[in-house]
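Here's a quick briefing to read with the viewer open. Have a look around first, then work through the notes below.

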Amino acid sequence: MDKGKPLIVVAAALIDGDGRVLVQQRPQGKAMAGLWEFPGGKVEEDELPEAALIRELREELGIDVEKACLAPACFASESLGERHMILLVYICRKWRGIPQALEAPAIRWVRPLDLHGLDMPPADKPLIGLLDALI
Ligand code: 9L3
Ligand code: MG
């Protein structure tokens, strides 16, 4: 089946000073509602991945991140039925502002080990082992 161009999605693992990672819950009415994800979203036409992530983090959490603070970490691919999706994940330890749940029903700071017990989108899961090893 021709699924067309894959959807490019970016996400961030924000790590705080205590080594905890931020996850947010996907809203009702969206695909995979209720699952806990690393914040982020779709890269728009003519937009670079890092610019999309900086925009998404401002919209979803009200924080400001500089491009230099985004470390590429991993990518994962997933089939979304009609489309394929490629998720690019960045690690970020430095930002301005205090993250707030501006779009998600809830956000949580969790230790990497506790990520194993959360329901996450399949594309987010490869990052869990990496964070376990990194933090
Ligand atoms: N997605 C998966 N993991 C993530 C993010 C931010 C997004 N950490 C998936 C869910 C949707 C698609 O990417 O299928 C587009 O995301 P959104 O625009 O619905 O948030
Ligand atoms: Mg989003």
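Which pocket is taken up by ligand 1? The space of ligand 1 is the largest pocket. (A pocket is worked out on a 1 Å grid over the protein atoms alone: an open set of points with protein on both sides within 12 Å along at least five of seven lines.) Keep in mind that this is a predicted model, where local features need pLDDT of at least 70, side-chain atom pairs count only at pLDDT 80 or more, and totals for chains, interfaces and linings use all residues. Residues are numbered from 1 along each chain as its sequence is written, chains are lettered from A and ligands numbered from 1 in the order in which they are written, and side-chain values use heavy atoms, with hydrogens and water left out.

**Around ligand 1**
- (Strands are DSSP runs of E, at least two residues, numbered from the N terminus.)

**Contacts with ligand 1**
- Arg 26 has a polar side-chain atom 2.8 Å from an oxygen atom of ligand 1, and for Lys 30 the distance from a polar side-chain atom to an oxygen atom of the ligand is 3.2 Å.
- Phe 38 uses its backbone instead: an N or O atom there lies 2.7 Å from a nitrogen atom of ligand 1.

**Sheet and hairpin**
- Three strands make an open, antiparallel sheet in the order 3-2-7 (strands pair if DSSP finds at least two bridges between them).
- Strand 3 (36-37) and strand 7 (107-110) are at the edges with a single partner strand each, so one side of each has no neighbour in the sheet.
- Two bridges join strand 2 (residues 21-25) to strand 3, and Gln 25 has Trp 36 as its bridge partner.
- Strand 5 and strand 6 form a hairpin with four residues between them, and Gly 81 in the turn has a positive phi of about 75°.

Terms used: Polar contact = N/O pair within 3.5 Å; in protein donor to acceptor, adjacent residues only side chain to side chain. 1 Å grid on protein atoms, 1.4 Å probe; cavity = no way out; pocket = protein on both sides within 12 Å on 5 of 7 lines; lining within 4 Å. Sits in = over half its atoms within 2 Å of the grid points.
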